[in-house]
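Take the points in order and follow along on screen.

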Amino acid sequence: MSHFDLVVESVRRDTPLIRSFVLSAADGEPLPEIDPGAHLRVVLPDGRDRPYSLVALPELEAAGKWALGVRLEDPGQGGSRYMHALAQGDRIRTSAPINNFPLSIGPASPVLIAGGIGVTPLVSMAAKLARHGKSFALHYAARSRDHFAFLEELRTICGDRLSLHPDDDPDLALDISALIASLQSETPIYVCGPAPMIDRVKAEAAARGRDPEKLRYELFTAPVADPQGDAAFQVELKSTGQVFDVPPGKSIIDVLESGGVDLLYDCQRGDCGVCQTVVLEGLPDHRDAVLSDAERASNKLMQICVSRAKSPKLVLDL
Ligand code: FES
């Protein structure tokens, strides 16, 4: 896999939980332009890597630099803690940009819906739409007024196309049902945020018979996994018969990789679908944003990056 060695040019505290980082190439060459929706996988000191969305801001792109926004997750998420400890001049290694959430620019005016740190890819989308002279609207929800990241940039890019929705203001909190009901059937929707927001947008869109092809989404918080509420379970691999113990706080991918099993995965948030695995026996505890309701109910497929087990053991087609 190609990689980039980057230097942290600056760190900014955007909100009490979100920091943004401007990055340049360690060799001084300009970094390539990125497609809105792309993310990088940042290599952590222990060799694991974590995905963070790139923010394509016009003035940075012109200077050949990239930016990332990172929310400090709870202590289980070592990646965000590592990122928040970075200072100007530090170096990081990343993957090349990967885009599972591309923007299509067509005749219809898209609506962008962001929740919390999920705004990062949508900043890039708004910037590209504005640059192409396209009309769009960006609805941005956060827990309160001081939790809006990239606010100055968004105001510059979007002007009156930006609507802010602090959850703690009953007059301004985002009403997803009313928003979706107000959209024309051909309006493309891009949503990035926590799983409950995405689920709600998907459900409202489905209830109104909207074309699922016009709804693109990316999950943008670590899946909710309360280690205290999670039980240990076992995973058996069909190919070798090996059995692994998956403790609370570790994913199936974490455990299998440590045991030397070669796996395909990307987002590790349950929204890209790359790690999808066939379940031969047992009952998965689905925590992804990929499977349809019918697939979930069949219990024959699961995303092994985030989902766990309701039964003591799963047999997987691996
Ligand atoms: S790695 Fe993306 S859904 Fe599991």
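This is a predicted model: local features need pLDDT of at least 70, side-chain atom pairs count only at pLDDT 80 or more; totals for chains, interfaces and linings use all residues.

1. Strand β8 covers residues 111-115 and strand β11 covers residues 189-193; the two run parallel and are joined by four bridges.

2. Now step back to the whole sheet. Five strands make it up, in the order β10-β9-β8-β11-β12, with parallel pairing, and the sheet is open. At its edges are β10 (162-166) and β12 (215-219), each of which pairs on one side only. On average, neighbouring strands of this sheet are turned by 10° against each other, direction ignored.

3. Which strands does helix α6 touch? This helix, residues 195-207, packs on the sheet and touches β8, β11 and β12. The direction of α6 makes about 155° with that of β11.

4. Is Ala207 buried or exposed? Ala207 is exposed, because 11 other C-beta atoms lie within 10 Å, and a residue counts as exposed at 12 or fewer. Ser177 is 30 residues away from Ala207 along the chain, and 10.0 Å separate their C-alpha atoms.

5. Finally, the wider layout. The domain assignment of the protein lists domain 1 (3-99), domain 2 (111-219) and domain 3 (233-316). Taken over C-alpha atoms, the centres of domain 1 and domain 3 are separated by 28 Å.

Notes. Residues are numbered from 1 along each chain as its sequence is written. Two strands pair if DSSP finds at least two bridges between them. Axes are lines fitted to C-alpha atoms, for helices over the stretch in contact, and angles run from 0 to 180 degrees between N-to-C directions. Two residues are in contact if their C-beta atoms, placed from the backbone, lie within 7 Å. A residue is buried if 20 or more other C-beta atoms lie within 10 Å of its own, exposed if 12 or fewer, and partly exposed in between; C-beta atoms are placed from the backbone. Domain bounds come from an automatic or database domain assignment.
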